[in-house]
Amino acid sequence: MNKEHIHHERLYDFDIYGFQHDLITWFEREQRELPWRKDQDPYKVWVSEIMLQQTKVDTVIPYFNSFIEQFPNIQSLAEAEEDRVLKAWEGLGYYSRARNLQSAVREVHESFGGIVPNTPREISTLKGVGPYTTGAILSIAYGVPEPAVDGNVMRVLSRILLIEDDIAKPRTRKVFEEVIRDLISKDNPSFFNQGLMELGAMVCTPTSPSCLLCPVREYCRAFAEGVQRELPVKTKKKSTRQVALVAGILVDDEGRFLIHRRPSEGLLANLWEFPNFVKVDELGTAKQQLQQLMKTEYGMDISVGDYINDIKHVFSHLVWNVNVYTGKWHGDVPKESGLTAVTMEEMMEYAFPVSHQNMWKEYLKIKK
(Lines give C-alpha, C1' and ligand atoms only; values in the text may rest on other atoms or scores of the structure.)
Protein backbone atom coordinates (compact mmCIF):
# COMPACT_ATOMS: atom_id res chain seq x y z
CA MET A 1 0.00 0.00 0.00
CA ASN A 2 1.64 3.25 -0.97
CA LYS A 3 2.01 6.32 1.21
CA GLU A 4 -0.70 8.60 -0.13
CA HIS A 5 -3.49 6.10 0.62
CA ILE A 6 -2.59 6.02 4.28
CA HIS A 7 -2.27 9.73 4.93
CA HIS A 8 -4.20 12.90 4.29
CA GLU A 9 -3.20 14.12 0.82
CA ARG A 10 -1.67 17.28 2.27
CA LEU A 11 0.88 15.12 4.08
CA TYR A 12 2.09 13.46 0.89
CA ASP A 13 5.87 13.54 0.90
CA PHE A 14 6.00 15.03 4.39
CA ASP A 15 8.38 13.56 6.98
CA ILE A 16 5.83 12.98 9.74
CA TYR A 17 8.15 11.17 12.16
CA GLY A 18 10.99 13.64 11.78
CA PHE A 19 8.56 16.49 12.40
CA GLN A 20 7.10 14.83 15.53
CA HIS A 21 10.55 14.09 16.89
CA ASP A 22 11.97 17.59 16.39
CA LEU A 23 8.87 19.32 17.73
CA ILE A 24 8.63 17.17 20.86
CA THR A 25 12.38 17.34 21.58
CA TRP A 26 12.24 21.13 21.30
CA PHE A 27 9.20 21.29 23.60
CA GLU A 28 10.86 19.09 26.23
CA ARG A 29 13.84 21.41 26.24
CA GLU A 30 12.28 24.86 25.82
CA GLN A 31 8.82 24.72 27.37
CA ARG A 32 7.92 27.54 29.74
CA GLU A 33 7.33 26.63 33.35
CA LEU A 34 3.61 27.17 33.70
CA PRO A 35 1.69 26.23 36.86
CA TRP A 36 -0.77 23.93 35.04
CA ARG A 37 2.09 21.96 33.52
CA LYS A 38 3.40 20.81 36.91
CA ASP A 39 1.15 17.77 37.05
CA GLN A 40 -1.21 16.28 34.49
CA ASP A 41 -4.29 16.69 36.68
CA PRO A 42 -7.21 16.78 34.19
CA TYR A 43 -9.08 19.30 36.37
CA LYS A 44 -6.17 21.77 36.37
CA VAL A 45 -5.58 21.32 32.64
CA TRP A 46 -9.29 22.00 32.12
CA VAL A 47 -9.34 25.16 34.26
CA SER A 48 -6.20 26.49 32.54
CA GLU A 49 -7.57 25.82 29.04
CA ILE A 50 -10.83 27.63 29.81
CA MET A 51 -8.93 30.60 31.27
CA LEU A 52 -6.57 30.68 28.29
CA GLN A 53 -9.43 31.08 25.82
CA GLN A 54 -9.29 34.74 24.78
CA THR A 55 -6.75 35.59 27.49
CA LYS A 56 -2.93 35.79 27.42
CA VAL A 57 -0.76 33.40 29.43
CA ASP A 58 0.83 36.15 31.58
CA THR A 59 -2.60 37.40 32.61
CA VAL A 60 -3.87 33.91 33.37
CA ILE A 61 -1.04 32.70 35.67
CA PRO A 62 -1.98 34.65 38.85
CA TYR A 63 -5.70 33.99 38.27
CA PHE A 64 -5.07 30.28 37.80
CA ASN A 65 -3.01 30.06 40.99
CA SER A 66 -5.55 31.86 43.13
CA PHE A 67 -8.46 29.95 41.55
CA ILE A 68 -6.85 26.57 42.28
CA GLU A 69 -6.07 27.73 45.81
CA GLN A 70 -9.76 28.50 46.36
CA PHE A 71 -11.12 25.53 44.41
CA PRO A 72 -8.37 22.89 44.46
CA ASN A 73 -10.46 20.07 42.98
CA ILE A 74 -13.68 19.08 41.23
CA GLN A 75 -15.67 18.76 44.44
CA SER A 76 -14.75 22.18 45.83
CA LEU A 77 -15.70 23.95 42.59
CA ALA A 78 -18.90 21.91 42.21
CA GLU A 79 -20.03 22.90 45.70
CA ALA A 80 -18.92 26.55 45.62
CA GLU A 81 -21.35 29.49 45.51
CA GLU A 82 -21.57 30.88 41.97
CA ASP A 83 -20.86 34.39 43.32
CA ARG A 84 -17.53 33.23 44.77
CA VAL A 85 -16.58 31.69 41.44
CA LEU A 86 -17.47 34.90 39.56
CA LYS A 87 -15.50 36.93 42.12
CA ALA A 88 -12.45 34.68 41.53
CA TRP A 89 -12.91 35.24 37.77
CA GLU A 90 -13.38 39.02 38.13
CA GLY A 91 -11.23 40.86 35.60
CA LEU A 92 -10.68 37.87 33.29
CA GLY A 93 -13.77 38.73 31.23
CA TYR A 94 -15.98 36.48 29.09
CA TYR A 95 -17.71 35.35 32.27
CA SER A 96 -19.88 32.71 30.63
CA ARG A 97 -16.64 30.66 30.63
CA ALA A 98 -16.69 30.58 34.43
CA ARG A 99 -20.37 29.72 34.64
CA ASN A 100 -20.11 26.97 32.02
CA LEU A 101 -17.01 25.58 33.72
CA GLN A 102 -18.79 25.37 37.05
CA SER A 103 -21.92 23.73 35.65
CA ALA A 104 -19.78 21.23 33.71
CA VAL A 105 -17.72 20.48 36.82
CA ARG A 106 -20.98 19.90 38.76
CA GLU A 107 -21.99 17.40 36.11
CA VAL A 108 -18.63 15.60 36.40
CA HIS A 109 -19.12 15.56 40.18
CA GLU A 110 -22.66 14.18 39.97
CA SER A 111 -22.69 12.00 36.83
CA PHE A 112 -19.08 10.87 36.43
CA GLY A 113 -18.14 10.25 40.06
CA GLY A 114 -15.90 13.32 40.18
CA ILE A 115 -13.56 12.01 37.47
CA VAL A 116 -13.11 14.02 34.25
CA PRO A 117 -14.16 11.69 31.40
CA ASN A 118 -11.38 10.40 29.15
CA THR A 119 -13.30 9.77 25.92
CA PRO A 120 -14.16 12.39 23.28
CA ARG A 121 -17.79 11.27 23.27
CA GLU A 122 -18.35 11.82 27.00
CA ILE A 123 -16.17 14.86 27.59
CA SER A 124 -17.64 16.83 24.68
CA THR A 125 -21.13 16.57 26.21
CA LEU A 126 -19.97 18.88 29.04
CA LYS A 127 -21.03 22.51 28.93
CA GLY A 128 -18.43 24.86 27.41
CA VAL A 129 -16.17 21.98 26.34
CA GLY A 130 -15.89 22.36 22.56
CA PRO A 131 -13.65 20.41 20.16
CA TYR A 132 -10.51 22.35 21.14
CA THR A 133 -10.88 21.93 24.91
CA THR A 134 -11.85 18.28 24.38
CA GLY A 135 -8.61 17.66 22.48
CA ALA A 136 -6.50 19.65 24.92
CA ILE A 137 -7.72 17.83 28.05
CA LEU A 138 -7.65 14.38 26.45
CA SER A 139 -4.18 14.75 24.93
CA ILE A 140 -2.47 16.68 27.74
CA ALA A 141 -3.97 14.94 30.78
CA TYR A 142 -4.82 11.48 29.42
CA GLY A 143 -2.40 10.97 26.53
CA VAL A 144 -5.22 10.37 24.02
CA PRO A 145 -4.12 11.31 20.47
CA GLU A 146 -6.96 13.77 19.88
CA PRO A 147 -6.43 17.02 17.88
CA ALA A 148 -6.71 20.34 19.74
CA VAL A 149 -7.17 22.95 17.02
CA ASP A 150 -7.43 26.65 17.83
CA GLY A 151 -6.33 29.75 15.93
CA ASN A 152 -2.79 29.32 17.21
CA VAL A 153 -2.49 25.77 15.88
CA MET A 154 -4.16 26.65 12.56
CA ARG A 155 -1.63 29.44 12.06
CA VAL A 156 1.35 27.14 12.70
CA LEU A 157 0.12 24.31 10.49
CA SER A 158 -1.10 26.59 7.70
CA ARG A 159 2.53 27.69 7.39
CA ILE A 160 4.17 24.31 7.83
CA LEU A 161 1.89 22.55 5.35
CA LEU A 162 1.14 25.64 3.20
CA ILE A 163 -2.62 25.36 3.70
CA GLU A 164 -4.41 28.35 2.18
CA ASP A 165 -7.95 27.68 3.40
CA ASP A 166 -9.55 30.70 5.10
CA ILE A 167 -9.25 30.10 8.86
CA ALA A 168 -12.14 32.51 9.52
CA LYS A 169 -14.50 29.88 8.07
CA PRO A 170 -15.74 27.29 10.58
CA ARG A 171 -15.29 24.37 8.17
CA THR A 172 -11.54 25.05 7.90
CA ARG A 173 -11.05 23.77 11.46
CA LYS A 174 -12.16 20.34 10.16
CA VAL A 175 -9.39 20.38 7.56
CA PHE A 176 -6.79 20.92 10.29
CA GLU A 177 -8.37 18.33 12.60
CA GLU A 178 -8.14 15.72 9.86
CA VAL A 179 -4.52 16.60 9.11
CA ILE A 180 -3.58 16.40 12.79
CA ARG A 181 -5.14 12.95 13.18
CA ASP A 182 -2.47 11.74 10.77
CA LEU A 183 0.26 14.00 12.04
CA ILE A 184 -0.08 13.64 15.82
CA SER A 185 2.36 11.52 17.77
CA LYS A 186 0.60 8.43 19.10
CA ASP A 187 3.38 7.92 21.69
CA ASN A 188 3.34 11.43 23.15
CA PRO A 189 0.23 13.32 22.02
CA SER A 190 0.47 15.52 25.12
CA PHE A 191 3.85 17.03 24.18
CA PHE A 192 2.96 17.05 20.49
CA ASN A 193 -0.14 19.23 21.01
CA GLN A 194 1.52 21.40 23.64
CA GLY A 195 4.54 21.73 21.35
CA LEU A 196 2.36 23.09 18.55
CA MET A 197 0.74 25.55 20.99
CA GLU A 198 4.09 26.60 22.40
CA LEU A 199 5.56 27.02 18.93
CA GLY A 200 2.68 29.32 18.02
CA ALA A 201 3.09 31.32 21.22
CA MET A 202 6.88 31.69 21.20
CA VAL A 203 8.19 31.30 17.65
CA CYS A 204 5.56 31.06 14.93
CA THR A 205 3.84 34.27 16.04
CA PRO A 206 1.10 36.10 14.08
CA THR A 207 2.98 39.05 12.62
CA SER A 208 6.67 38.31 12.38
CA PRO A 209 7.50 34.66 12.94
CA SER A 210 11.05 33.95 14.21
CA CYS A 211 11.79 31.41 11.49
CA LEU A 212 15.51 31.34 12.25
CA LEU A 213 14.80 30.04 15.76
CA CYS A 214 12.24 27.49 14.62
CA PRO A 215 12.97 23.84 15.50
CA VAL A 216 10.87 22.55 12.59
CA ARG A 217 11.90 25.06 9.93
CA GLU A 218 13.28 22.39 7.62
CA TYR A 219 9.77 20.87 7.36
CA CYS A 220 8.04 24.22 6.73
CA ARG A 221 6.69 24.61 3.20
CA ALA A 222 5.77 28.28 3.66
CA PHE A 223 9.33 29.09 4.78
CA ALA A 224 10.75 27.19 1.81
CA GLU A 225 8.66 29.40 -0.50
CA GLY A 226 9.13 32.58 1.54
CA VAL A 227 5.39 33.07 2.12
CA GLN A 228 5.22 32.52 5.88
CA ARG A 229 4.06 36.12 6.46
CA GLU A 230 1.12 35.73 4.06
CA LEU A 231 -0.31 32.84 6.08
CA PRO A 232 -2.74 32.01 7.56
CA VAL A 233 -5.40 33.29 5.16
CA LYS A 234 -8.07 35.01 7.23
CA THR A 235 -10.90 37.20 5.97
CA LYS A 236 -11.89 40.24 8.02
CA LYS A 237 -14.75 40.14 10.48
CA LYS A 238 -17.70 42.52 10.24
CA SER A 239 -17.19 45.80 12.07
CA THR A 240 -18.17 46.08 15.73
CA ARG A 241 -21.27 47.86 16.96
CA GLN A 242 -20.86 51.08 18.98
CA VAL A 243 -23.18 51.64 21.94
CA ALA A 244 -23.34 54.96 23.84
CA LEU A 245 -24.27 54.69 27.55
CA VAL A 246 -24.56 56.93 30.57
CA ALA A 247 -23.78 55.60 34.06
CA GLY A 248 -24.03 56.96 37.58
CA ILE A 249 -22.09 56.28 40.77
CA LEU A 250 -24.84 57.33 43.14
CA VAL A 251 -24.43 57.66 46.92
CA ASP A 252 -26.78 58.69 49.74
CA ASP A 253 -26.05 60.58 52.95
CA GLU A 254 -25.19 57.35 54.74
CA GLY A 255 -22.52 56.51 52.15
CA ARG A 256 -24.47 53.72 50.44
CA PHE A 257 -24.06 53.19 46.70
CA LEU A 258 -26.64 51.86 44.27
CA ILE A 259 -25.73 48.77 42.28
CA HIS A 260 -27.76 46.18 40.42
CA ARG A 261 -27.28 42.73 39.02
CA ARG A 262 -27.21 42.05 35.30
CA PRO A 263 -29.63 39.43 33.93
CA SER A 264 -28.68 35.77 34.23
CA GLU A 265 -28.47 35.40 30.44
CA GLY A 266 -26.38 37.23 27.87
CA LEU A 267 -23.41 39.57 28.12
CA LEU A 268 -21.65 39.67 31.54
CA ALA A 269 -24.53 37.67 33.01
CA ASN A 270 -25.02 37.82 36.81
CA LEU A 271 -22.30 40.41 37.37
CA TRP A 272 -23.02 43.59 39.34
CA GLU A 273 -22.80 47.11 37.99
CA PHE A 274 -23.65 50.74 38.63
CA PRO A 275 -26.95 51.92 37.14
CA ASN A 276 -26.43 52.65 33.44
CA PHE A 277 -28.60 53.28 30.41
CA VAL A 278 -28.29 53.32 26.66
CA LYS A 279 -28.41 56.97 25.59
CA VAL A 280 -31.30 58.21 23.50
CA ASP A 281 -30.27 61.43 21.76
CA GLU A 282 -33.79 62.88 21.81
CA LEU A 283 -33.80 62.87 25.61
CA GLY A 284 -31.33 65.73 26.05
CA THR A 285 -27.87 65.77 27.65
CA ALA A 286 -26.31 62.71 29.24
CA LYS A 287 -26.87 64.30 32.65
CA GLN A 288 -30.57 64.89 32.03
CA GLN A 289 -30.95 61.36 30.71
CA LEU A 290 -29.39 59.81 33.78
CA GLN A 291 -31.76 61.72 36.04
CA GLN A 292 -34.80 60.97 33.89
CA LEU A 293 -34.08 57.29 33.38
CA MET A 294 -33.40 56.65 37.08
CA LYS A 295 -36.91 58.01 37.64
CA THR A 296 -38.68 56.12 34.85
CA GLU A 297 -36.74 52.83 35.14
CA TYR A 298 -36.26 52.59 38.91
CA GLY A 299 -38.69 55.11 40.39
CA MET A 300 -35.85 56.95 42.12
CA ASP A 301 -35.21 60.66 42.49
CA ILE A 302 -31.56 61.55 42.11
CA SER A 303 -29.57 64.69 41.61
CA VAL A 304 -26.69 64.32 39.19
CA GLY A 305 -23.33 65.72 40.30
CA ASP A 306 -19.95 65.93 38.58
CA TYR A 307 -18.90 64.31 35.35
CA ILE A 308 -16.18 61.76 36.18
CA ASN A 309 -14.89 60.48 32.83
CA ASP A 310 -15.65 58.48 29.69
CA ILE A 311 -15.00 54.77 29.74
CA LYS A 312 -14.50 52.90 26.50
CA HIS A 313 -14.80 49.14 26.74
CA VAL A 314 -14.25 46.88 23.74
CA PHE A 315 -15.93 43.47 23.46
CA SER A 316 -15.41 41.13 20.53
CA HIS A 317 -18.67 42.25 18.90
CA LEU A 318 -19.41 45.67 20.34
CA VAL A 319 -17.89 48.75 21.95
CA TRP A 320 -19.34 50.55 24.96
CA ASN A 321 -18.74 54.29 25.23
CA VAL A 322 -19.91 55.30 28.70
CA ASN A 323 -20.25 58.83 30.16
CA VAL A 324 -19.87 58.46 33.92
CA TYR A 325 -21.30 60.86 36.51
CA THR A 326 -21.47 61.08 40.28
CA GLY A 327 -24.78 61.76 41.94
CA LYS A 328 -26.88 61.72 45.11
CA TRP A 329 -29.93 59.62 45.90
CA HIS A 330 -32.32 59.79 48.83
CA GLY A 331 -35.31 58.02 50.27
CA ASP A 332 -35.89 54.27 50.02
CA VAL A 333 -34.93 51.89 47.25
CA PRO A 334 -38.19 50.56 45.73
CA LYS A 335 -38.38 46.78 46.26
CA GLU A 336 -39.27 45.96 42.65
CA SER A 337 -36.44 48.14 41.25
CA GLY A 338 -33.83 45.38 41.50
CA LEU A 339 -31.35 47.92 42.92
CA THR A 340 -29.24 47.14 46.00
CA ALA A 341 -27.70 49.72 48.33
CA VAL A 342 -24.22 48.78 49.57
CA THR A 343 -21.50 50.45 51.59
CA MET A 344 -17.98 50.88 50.30
CA GLU A 345 -16.84 47.86 52.35
CA GLU A 346 -19.71 45.64 51.19
CA MET A 347 -18.91 46.50 47.59
CA MET A 348 -15.77 44.32 47.83
CA GLU A 349 -17.99 41.20 48.02
CA TYR A 350 -19.56 41.74 44.62
CA ALA A 351 -18.05 40.83 41.23
CA PHE A 352 -18.06 43.74 38.74
CA PRO A 353 -17.07 43.74 35.06
CA VAL A 354 -13.79 45.53 34.24
CA SER A 355 -15.55 48.59 32.79
CA HIS A 356 -17.37 49.19 36.08
CA GLN A 357 -14.23 48.49 38.14
CA ASN A 358 -12.57 51.25 36.11
CA MET A 359 -15.44 53.67 36.79
CA TRP A 360 -15.05 52.97 40.49
CA LYS A 361 -11.27 53.57 40.39
CA GLU A 362 -11.83 56.96 38.75
CA TYR A 363 -14.49 57.82 41.30
CA LEU A 364 -12.12 57.02 44.19
CA LYS A 365 -9.45 59.30 42.68
CA ILE A 366 -11.89 62.23 42.65
CA LYS A 367 -13.03 61.53 46.20
CA LYS A 368 -9.51 61.68 47.66
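Helices (H or I, at least four residues) and strands (E, at least two) are DSSP runs, numbered from the N terminus. By this definition the chain has 16 helices and seven strands. The model is a predicted one, in which local features need pLDDT of at least 70 and side-chain atom pairs count only at pLDDT 80 or more, while totals for chains, interfaces and linings use all residues. Residues are numbered from 1 along each chain as its sequence is written, and side-chain values use heavy atoms, with hydrogens and water left out.

Consider first the chain as a whole. Its C-alpha trace spans about 85 × 45 × 35 Å along the principal axes. A residue is called buried if its relative accessible area is under 20%, exposed if over 50%, and partly exposed in between (1.4 Å probe, protein chains only). Of the 368 residues of the chain, 48% count as buried.

Lining residues have an atom within 4 Å of a point. Grid points are joined across faces, edges and corners, and a volume is the space filled by probe spheres set on the points.

The largest pocket has a volume of about 1,500 Å³. Its lining consists of 44 residues, and those nearest its centre are Leu52, Gln54, Asp150, Gly151 and Asn152. Two or more lining residues come from each of helix 3 (42-52), helix 4 (57-70), helix 9 (131-142), helix 10 (151-160) and helix 12 (189-202). Helix 12 provides the largest share, six residues. For the classes of residue, Ala, Val, Leu, Ile, Met, Phe, Trp, Tyr, Cys and Pro count as nonpolar, Asp, Glu, Lys and Arg as charged, and the others, Gly among them, as polar. The lining of the largest pocket divides into 18 nonpolar, 13 polar and 13 charged residues.

Glutamine 54 lies in the loop between helix 3 and helix 4 and is exposed, with a relative accessible area of 57%. Leucine 162, in the loop between helix 10 and helix 11 (170-183), likewise is not a glycine and has a positive phi of about 50 degrees. Leucine 162 counts as partly exposed, at 22% relative accessibility.

The second largest pocket has a volume of about 310 Å³. It is lined by 18 residues, of which Gly93, Tyr94, Leu268, His313 and Phe315 are the closest to its centre. Helix 7 (96-111), strand 5 (302-314) and helix 16 each give two or more residues to this lining, which by class has nine nonpolar, eight polar and one charged residues.

The expected span of a helix is 1.5 Å times one less than its number of residues. At 1.5 Å a residue, the 14 residues of helix 16 should span 20 Å, and its end C-alpha atoms are 20 Å apart, which agrees. Its buried residues are Ser355, His356, Met359, Trp360 and Tyr363.

Rings of Phe, Tyr and Trp (its six-membered ring) pair if their centres lie within 6.5 Å; planes under 30 degrees apart count as stacked, over 60 as edge-to-face and the rest as tilted. By this rule there are 17 aromatic pairs. One of them joins phenylalanine 27 and phenylalanine 191 edge-to-face, at 5.0 Å centre to centre with 75 degrees between the planes. Phenylalanine 27 lies in helix 2 (residues 16-30) and phenylalanine 191 in helix 12, so the pair ties together parts that are 164 residues apart in sequence. Phenylalanine 27 is buried, with a relative accessible area of 0%.

Methods. 1 Å grid on protein atoms, 1.4 Å probe; cavity = no way out; pocket = protein on both sides within 12 Å on 5 of 7 lines; lining within 4 Å.
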